[in-house]
Amino acid sequence: MPIFKRRRRNAVEADPIGAFWSWWTTAGAGLVADAVARREPTAANADLTDRIGRIHPDLEWELGPGLHAEHVLIVTAAGNPAQRAVARRWLRAAPPSDRVWEYADLRRPGPAVTIQFEGLPPVAIDESLVSIEPDSASVHVGVHHPAFASLSVDTQRRVTFLILDLVLGEEMVETWVGAIDPLADAPVDAVPVMQLLPAVAGFAAEHTLDDGSPAWKMLEGTRDGQRVIATAEYPLRSIRRPHLDTHVAVSIRYPVVREDGLPESEMLDELRAFEDHLTDRLGGSGNLLAHETSAGVRILHYYVDGTTPADAQLQAATTGWPHGKVTLTTTPDPAWENVAHLAG
């Protein structure tokens, strides 16, 4: 079973991520590998707890077997969208993997294990039963385990989320799983938990392009009596690019000719060209994830890395629009709540 720890608060450092990797590359990697080899991993707990806690006190870490290296060190936000960007920046600053260590910021699926919390009965993952209910947007999952009868509701929920992270991996859970419910009684349609991964993976494949990139979908509705057309990446989940933690809404006014307030074809071509111009200026600092068009205004929903000058780059690129006012609104939004109405 991997080692899970929650951080205590520590003094703030100017660059705690840099300080962590400096310690890790000079001493920490060897110390922790030696502790694991001696089957005394708790000997490394204090250092890891302290140094990761300096990055952010709510991050969690794990040690486990690697996919391509002997060991993996995982530092995760544990489902908290507000801290995913911090964990991803920790990962992006990591040294290259080697034969001993690799690194990740999301929990991975792994072999069936037994979860053991102090003072509580063991929970063998492979004894779990699940209900699987897909809809058009996600897969809803209920989890039952015989041990739930002796666990509090809060502990059942904690174990349920941990089971799903270990069976599916954190990214698949956050991207494709909708409602998650611990079930005190086994549902009538229950199946063994090991059927969950192929079911969710199959659902994801049906809703993803052949190259693995996200699909886009079109939506239509009304707002204040006006027709609205929107297009958005699907699914809109911040887990896929957690370092993009800042929302930049670019509102572009255009002259209204059509009765429904939407742009006529030539104006639509100009709007698309202007969109391409803005996106090109971002480079790798952000992505366009959705746009909405209604009543003479087209809103482009960009998400950018808040540690970069991406919003200023977008602002500088808007000066060339000749047909109306362009405004930018920048908001910290690590959970992508500002596009939740387009998430489906």
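## Helix H1 against helix H3

In this predicted model, Ile 17, Phe 20 and Trp 21 of H1 are in contact with Val 86, Arg 89 and Trp 90 of H3. Sorted by class, the residues of this contact comprise five nonpolar, no polar and one charged.

The axes of H1 and helix H3, the latter covering residues 81-92, come within 10 Å and cross at roughly 40 degrees, which makes H1 oblique to H3. The crossing of these two helices, H1 and H3, is right-handed.

## Helix H1 against helix H2

Helix H1, which runs over residues 16-37, also approaches helix H2, residues 45-55, with the two axes coming within 10 Å and crossing at roughly 165 degrees. H1 and H2 are therefore roughly antiparallel to each other, and the crossing in which H1 passes H2 is left-handed.

On the H1 side, the residues that take part are Pro 16, Ile 17, Phe 20, Trp 23, Trp 24 and Val 32, and they meet Asp 47, Leu 48, Arg 51, Ile 52, Arg 54 and Ile 55 on the H2 side. By class, this contact of H1 with H2 holds nine nonpolar, no polar and three charged residues. Ile 17 and Phe 20 are among the H1 residues that meet H2, and both are also among those that meet H3.

## Aromatic pairs

A pair of aromatic rings is described by the distance of the centres and the angle of the planes. With ring centres required to lie within 6.5 Å, the count comes to 15 aromatic pairs. For Trp 176 and Phe 203, the ring centres are 6.0 Å apart and the planes stand at 75 degrees, so this pair is edge-to-face. Because Trp 176 belongs to helix H5 (residues 170-176) and Phe 203 to helix H6 (residues 196-206), the pair ties together parts that are 27 residues apart in sequence. Both Trp 176 and Phe 203 are buried.

Ring pairs also link Phe 20, Trp 21, Trp 23, Trp 24, Trp 90, Trp 101 and Tyr 103 into a cluster. Among these residues, Phe 20, Trp 23 and Trp 24 take part in the contact of H1 with H2, while Phe 20, Trp 21 and Trp 90 take part in that of H1 with H3.

## Two loop residues

Ser 136 is found in the loop between strand E7 (129-134) and strand E8 (139-144), and it counts as exposed because its relative accessibility is 63%. With its neighbours within four places in sequence left aside, Ser 136 is in contact with Phe 203, His 207 and Tyr 234.

Asp 245 is placed in the loop between strand E12 (226-234) and strand E13 (246-253), and, at 14% relative accessibility, Asp 245 counts as buried. Its contacts, again leaving aside neighbours within four places in sequence, are Ala 85, Arg 89, Val 304, Asp 305, Gly 306, Pro 332, Asp 333 and Pro 334. One of these partners, Arg 89, is also an H3 residue that meets H1.

## The chain as a whole

The chain has eight helices and 16 strands, and its C-alpha trace spans about 70 × 55 × 35 Å along the principal axes. Of the 344 residues in the chain, buried residues make up 49%. Among contacts with a separation of 6 or more, 71% are accounted for by residues 24 or more positions apart.

Definitions and conventions: Residues numbered from 1 in each chain as written. Predicted model: local features only at pLDDT ≥ 70, side-chain atom pairs only at ≥ 80, totals over all residues. Heavy atoms only, no water. Axes fitted to C-alpha atoms, helices over the stretch in contact; angles between N-to-C directions. Helix = DSSP H or I, 4+ residues; strand = E, 2+ residues; numbered from the N terminus. Parallel < 35°, antiparallel > 145°, perpendicular 65-115°, else oblique. Left-handed = near helix turned anticlockwise from the far one by under 90°. Contact = heavy atoms within 4.5 Å. Nonpolar A, V, L, I, M, F, W, Y, C, P; charged D, E, K, R; others polar. Buried < 20%, exposed > 50% of the residue type's maximum accessible area, 1.4 Å probe, protein only. Phe/Tyr/Trp six-rings, centres within 6.5 Å; stacked < 30°, edge-to-face > 60°.
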